[in-house]
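Here are a few notes to read alongside the model, written for someone opening it for the first time. Have the viewer ready and follow the points in order.

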Amino acid sequence: MGKKNTVLTFQQAKEEGKKLTMLTAYDYSTAKLIDEAGVNSILVGDSLGNVILGYDDTIPVTMEDMIHHGAAVSRGTKDALLVVDMPFMSYQVSVEDALINAGRLMKEGGADAVKLEGGVRVVPQIKAITEAGIPVCAHIGMTPQSVNTFGGFKVQGKTEEAAKQMIEDALAVQEVGAFAVVLECVPAALAELVTKKLSIPTIGIGAGAGCDGQVLVYADMLGMYSDFVPKFVKQYAKLGDVMKDAIHGYIDEVSQGSFPKEEHTFKISDDVLEKLY
Ligand code: KIV
């Protein structure tokens with residue numbers, strides 16, 4: 001704690017075999033709590049589409065959404081490396097688009113680095129963005145922006161062909177300068193193999209303990225998002241229940257007139273008050 005995490009922290013952790021921690025955040029207050037707890041990296045994931053905006057998937061998330069939430073999170077982040085997701089269609093159409101939008105996430109969204117989904121097929125984009133001085137975290141395996149191609153949120157890399165492709169994707173993104181790669185919903189043994197083959201760290205989500213680090217959506221691990229709880233999530237708290245209890249308490253006390261009490265109110269002098277009657 002108290003020391004800014006950078007891409008060098010990530011590289012050093014890989015070399016020293018130290019595990020990296022990453023959590024998502026989408027707003028100032030949550031980012032501040034997570035940063036102060038000492039996580040290595042905060043990800044403004046496009047999962048904000050589900051968690052914050054209530055969409056079914058990440059497809060509708062825009063650059064404006066990512067910039068708005070990125071900037072808020074950056075104001076609450078001191079030591080964690082701040083990674084901001086490139087949303088669907090902000091980098092797929094052309095390398096030029098990718099470069100302009102990655103630059104906007106840095107300049108307007110407060111990002112220290114950007115993350116984009118894909119392996120070999122986004123190599124030109126990753127190369128151009130890293131060459132422009134913007135660190136890139138790649139993301140392969142079950143990449144949620146391709147949910148319609150996968151036919152659902154399914155574990156990837158289970159056949160020989162798919163597993164070989166995943167290894168090729170991981171090596172390709174490393175080759176063009178990605179500083180880390182997220183492996184999402186990948187069989188644990190395959191994720192461990194990919195991790196061994198790479199000199200950059202792997203950050204797993206649903207990819208087992210053999211990765212160099214782990215990432216979770218904060219609302220999942222705190223038990224605040226109940227629409228869908230994936231198998232790979234461990235709930236470290238049930239904050240959703242705690243919040244509901246507190247809200248019931250508030251409703252009860254307001255209904256009964258026991259809140260607010262005197263200690264929650266402001267005073268006016270009796271002299272002034274008298275003159276008002
Ligand atoms: O958007 C997100 O939160 C992510 C993580 C699940 C890795 O990409």
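**Notes on the ligand site and a few backbone details**

1. Start with the pocket. The ligand takes up the space of the largest pocket. Keep in mind as you look around that this is a predicted model.

2. Next, look at who surrounds the ligand. There are 13 residues around it, and the ones that come nearest are G45, D46, S47, D85 and K115. Sorted by class, that shell holds five nonpolar, four polar and four charged residues.

3. Which side chains have an N or O atom close to a ligand oxygen? For K115, a side-chain N or O atom is 2.8 Å from a ligand oxygen. D85 also has a polar side-chain atom facing this way, 3.1 Å from an oxygen atom of the ligand. As for cover, the ligand would expose 260 Å² if taken alone, and the protein buries 96% of that.

4. Now step away from the pocket to the charged pairs. How many salt bridges does a search of the whole structure find? It turns up eleven. One of them is between K4 and D112, whose closest N and O atoms are 2.9 Å apart. K4 sits in the segment before α1 (7-16), while D112 belongs to the loop between α5 (95-107) and β4 (113-117), so this pair ties together parts of the chain that are 108 residues apart in sequence.

5. Have a look at the peptide bond between F259 and P260, too. That bond is cis, with omega at about 0°. To find P260, go to the loop that runs between α11 (239-256) and α12 (270-274).

6. One more backbone detail: M89. Its phi is positive, at about 75°, even though M89 is not a glycine. You'll find M89 in the loop between β3 (81-85) and α5.

Conventions. Residues are numbered from 1 along each chain as its sequence is written. This is a predicted model: local features need pLDDT of at least 70, side-chain atom pairs count only at pLDDT 80 or more; totals for chains, interfaces and linings use all residues. Side-chain values use heavy atoms; hydrogens and water are left out. A residue is near a molecule or strand if one of its heavy atoms lies within 4 Å of it. A polar contact is a pair of N or O atoms within 3.5 Å; within protein, one must be able to donate a hydrogen and the other to accept it, and residues adjacent in sequence count only if both atoms are side-chain atoms. Accessible areas come from the Shrake-Rupley method with a 1.4 Å probe; for residues, only the protein chains shown count as cover. On a 1 Å grid over the protein atoms alone, a cavity is a set of points where a 1.4 Å probe fits but cannot get out, and a pocket is an open set with protein on both sides within 12 Å along at least five of seven lines; lining residues have an atom within 4 Å of a point. A molecule sits in a cavity or pocket if more than half of its atoms lie within 2 Å of its grid points. Ala, Val, Leu, Ile, Met, Phe, Trp, Tyr, Cys and Pro count as nonpolar, Asp, Glu, Lys and Arg as charged, and the others, Gly among them, as polar. A salt bridge is a side-chain nitrogen of Lys or Arg within 4 Å of a carboxyl oxygen of Asp or Glu. Helices (H or I, at least four residues) and strands (E, at least two) are DSSP runs, numbered from the N terminus.
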